[in-house]
Amino acid sequence: MKAIAPGKLILSGEHAVVHGQPAIAMAVDRYATASVKQHARSLVSFDLLNIKYHKDHSISALRALKNQLLENYEAFQKGEKGIKDVLKLPMELTQFAVTNFLDKLNHKLTSGMQIKTHSEIPIGCGLGSSAATILASIHAMANHLNIELSEESYLNHGLEAENLQHGRSSGIDLRVSYHGGCLQYHNGTVDKLQPPKFPIYLVNTGSPKSNTGECVSHVKQVISEELLTEFAKVTTAFKQGLLENDIANVQQAIKNNHQLLVKIGVVPEAIQSFISMLEQQGCAAKLCGAGAVHGDKGGALMIVSEQDPTAFCETKSYHCELIHCDTDGLRIAS
Ligand code: MEV
């Protein structure tokens with residue numbers, strides 16, 4: 001049983017979406033997969049290929065880990081721990097998602113399970129690798145156990161896991177990976193939109209030193225009602241440009257969104273300089289996802305341009321590629 005879930009790009013409104021503003025995101029043709037099969041012993045075995053983690057656990061050991069992570073999260077919510085002290089090791093996110101799913105459904109594992117995950121979505125770069133891996137794991141398990149889940153169940157299970165990483169997740173990464181396509185997300189409501197007809201180029205500027213949770217915590221300190229209103233205006237303008245396929249207006253909205261991301265302090269200076277150079281070439285560009293509050297790497301950067309910016313990016317030592325919309329979302333691999 002193999003499940004597949006796409007990554008995502010936030011085209012407009014990241015961070016503001018955590019504070020109740022609209023955002024627009026698109027599922028992309030980069031995927032996480034998870035497969036589940038029966039285990040000879042009554043253990044849960046994890047084969048997490050990206051982080052080279054291969055280990056068997058008893059369900060009681062997993063439950064102890066889950067409870068520890070929930071205690072850490074509670075301490076974070078009370079301000080006693082930073083978000084970086086909630087999940088300490090990279091395998092814990094999947095282990096939590098799997099255990100929480102089994103416990104929430106009150107599922108008595110009568111035999112063991114082997115779970116294997118792989119993601120071609122670069123990890124920790126704003127492309128939704130965690131959300132896609134969590135959803136693929138839950139979907140593969142649900143199918144293996146013949147359990148039918150509603151959309152809300154997928155999202156609630158996913159959100160509980162993602163909160164351990166984001167501190168407070170808006171849920172947009174999970175929604176767009178679940179549905180596929182392009183959508184506007186606003187306070188839990190999804191409106192499907194036509195995917196962009198203009199080309200979108202992607203540059204991975206490298207893994208940020210800070211994770212999503214740290215960026216979300218930082219933004220909570222600096223965001224104001226005024227800035228949130230500005231973010232909402234930019235997303236409305238982006239949506240208008242998208243609906244009318246008006247590249248000039250889309251580009252202007254992206255430039256304004258970039259300036260707002262600079263104002264909230266999630267765009268490293270090296271990336272600001274690169275974006276200025278891109279703008280001089282007639283492109284519009286912005287970081288997508290959480291960005292970074294330390295270091296000089298910012299994760300995924302999207303470029304909208306009438307001219308192919310690939311050669312220019314190469315001159316600045318950045319690899320640039322076209323990225324396409326995935327329209328299918330979470331599914332079982334055929
Ligand atoms: C992360 O992909 C996007 C943020 O807006 C966080 C969230 O929406 O949960 C930074």
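**Close-up views: a helix pair and the ligand site**

**View 1. Helices H3 and H5 packed together.** Helix H3 (residues 129-144) packs against H5 at an angle of about 55°, and the two axes are 9 Å apart. Axes here are lines fitted to C-alpha atoms over the stretch in contact, with angles running from 0 to 180 degrees between N-to-C directions. That makes H3 oblique to H5 (under 35 degrees counts as roughly parallel, over 145 as roughly antiparallel, 65 to 115 as roughly perpendicular, and the rest as oblique). Helices are DSSP runs of H or I with at least four residues, strands are E runs of at least two, and both are numbered from the N terminus.

This is a predicted model: local features need pLDDT of at least 70, side-chain atom pairs need 80 or more, and totals for chains, interfaces and linings use all residues. Residues are numbered from 1 along each chain as its sequence is written, and side-chain values use heavy atoms, leaving out hydrogens and water.

**View 2. The shell around the ligand.** The ligand is surrounded by 13 residues, each with a heavy atom within 4 Å of it. Strand S1 (2-12) and helix H5 (172-179) each supply at least two of the shell residues.

**View 3. Polar side chains at ligand oxygens.** Polar side-chain atoms of Lys-8 and Asp-173 each sit 3.0 Å from an oxygen atom of the ligand. For His-166, that distance is 3.1 Å. The cut-off for a polar contact is a pair of N or O atoms within 3.5 Å. The protein covers 99% of the 300 Å² of accessible area that the ligand has on its own (Shrake-Rupley method, 1.4 Å probe).

Conventions. A polar contact is a pair of N or O atoms within 3.5 Å; within protein, one must be able to donate a hydrogen and the other to accept it, and residues adjacent in sequence count only if both atoms are side-chain atoms.
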